[in-house]
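Please read these notes with the model open beside you.

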Amino acid sequence: MAAAETGLEGVGATAAPRPDAGTQRAELLPLLGTALRPGEAWFLIDSRWFKQWKKYVGFDSWDLYHVGEPNLFPGPIDNSGLFADSEAQTLKEHLIDELDYVLVPTEAWNKLVNWYGCIEGQQPIVRKVVEYGLFVKHCKVEVYLLELKLCQNSDPANLVSSYFSKADTVATIEKEMRELFNVPADKEIRLWSRYMSNTYEQLSKLDSTIQDAGLYQGQVVLIEMKNEDGTWPRQSSLAKSSTATRSLTTSSKSPASSCSSVVASSTITNGDSNNSYGLNCSSLGKGGSSFSCNSFNNRESPPHTQPGLCGLSNLGNTCFMNSALQCLSNTPPLTDYFLEDKYEAEINQDNPLGMRGEIAEAYAELIKQMWSGRHSHVAPRMFKTQVGRFAPQFSGYQQQDSQELLAFLLDGLHEDLNRVKKKPYLELKDANGRPDVVVAKEAWENHRLRNDSIIVDIFHGLFKSTLVCPKCSKVSVTFDPFCYLTLPLPLKKDRPMDVFLVFADPQRRPTQYRVVVPMMGAVSDLCDALSKLSGIPAENMMVTDVYNHRFHKIFQMDEGLSHIMPKDNIFV
């Protein structure tokens, strides 16, 4: 105990004298409730170490007397369980907040390091707080940084991985690339992003964030240095290969664009002998905001393909979005509505529940490209950027729920195209014994008085809901509108678990078993399954969780297996 009081027990890196458990609790409790603020630094700590610290100091509310457990000294902060590669100290994929790690602000981290130290050789895992969203601001800690592959125009095959925050600007990338490739500060350069096999787009806005620029995980960024004669190397290669560059102007009546005033110029280049076309539309459209239209490369596209038979490029892990878009694209009444420009007269910019018509315009632009018959595939970058502005949960390039994206898109299109400019107040009426057909017709007419769009025309319907009072037996019938039906997926009934069986006989080596147990089973079910494989009676078994070479927990037979995580080391 003396060693524990002076703060020198089990420290791998230098730690200052520790205060008693009560002082530690009092100092960290307000810090752990700190709100996230953009740009601040937060630190990751392995949840196992943190849980053991909480037990050691009696942090949790169930410890009524806050006496803690002095025998559970956590030792120096150990994040080794979070690393896929302990030497490079790269994070494992798909780590979950509160389950695999906890986030603490800088001040809390500094206190814990002063009290306990860190495992020698481990670097702190520090991450920035990033703000998402246009109207509804949403802050979260960016646990996984964005990996970009950097290269020079003169040596595009030599890719160097570098990691950035989505809040970093294009200027940050430029600074990193100048240092990486020894480019003088006074040397004029251009940056290009490659987002398909041989298609490049210039990154000209240095103050734009990586998130706004639409860069995604694993994207290649190329640096080009100006020649001594004032020309650019990529211009020279384009001239040699006779790649077409063109400038065009379209109006809002043109089927190729939904912009009210668009000037498009080719900023996409292709270094081989095949033509590459691109649109970089800069406009103040009906929504009053500027955006860039999707860029594409017809290098592999035949002159004419079947309209609608068009793939969507995967921007990182956006197959969840592409699958939903393909479903809607192949809904004929909705696609015809956009291809025939009927949406232009119905955009509702003043709807407080809408998105100023920008989602509708971005979707229309994408549909027109997919059904033009000119492309075998397009990259939905502009649409993806617009979705991320209004729904921050979809702003990254990680896998998301396809149904949630589809629900957001249908709702967004409905509100952007709602023909009702001023919604009236309506009182709901009960059926009162009237026939269903009368009540349903009344409910539908009331719904259409507030909601009238192409989405309502195609997708909306009514649920019949019947309630019976258990006391007076009165029957209440209502008809409620719906846009989509959410159906549950069948759940697995069993789960595999890897456990180590340690025998009472010290001469017998521990044996690892994989047992199949009920998903919602108890620890006794684990023992029964292991008994059948090993021949050891279940009543002779004790199930434990071992962490950091200590018994972390001893399970009771009636405890649920849901408390045991896949990463836990279970010894029986």
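1. The network joins Glu346 to Arg419, Arg448, Asp452 and Asp457. A salt bridge here is a side-chain nitrogen of Lys or Arg within 4 Å of a carboxyl oxygen of Asp or Glu. The whole structure has 25 salt bridges.

2. This is a predicted model, in which local features need pLDDT of at least 70 and side-chain atom pairs count only at pLDDT 80 or more, while totals for chains, interfaces and linings use all residues. Residues are numbered from 1 along each chain as its sequence is written, and side-chain values use heavy atoms, with hydrogens and water left out.

3. Asp457 is partly exposed at 38% relative accessibility, and Arg448 is partly exposed at 25%. (Buried means under 20% relative accessible area, exposed over 50%, partly exposed in between, with a 1.4 Å probe and protein chains only.)

4. Arg48 has a salt bridge with Asp545, with 3.6 Å between the closest N and O atoms. Arg48 lies in helix H3 (residues 47-57) and Asp545 in strand S21 (residues 544-547), so the pair ties together parts 497 residues apart in sequence. Helices (H or I, at least four residues) and strands (E, at least two) are DSSP runs, numbered from the N terminus.

5. Arg48 also meets Asp568 in a salt bridge, at 2.3 Å from N to O. Asp568 sits in the loop between strand S22 (550-554) and strand S23 (570-571), so this pair ties together parts 520 residues apart in sequence. Arg48 is buried, with a relative accessible area of 9%, and Asp568 counts as buried at 13%. Asp545 is buried too.
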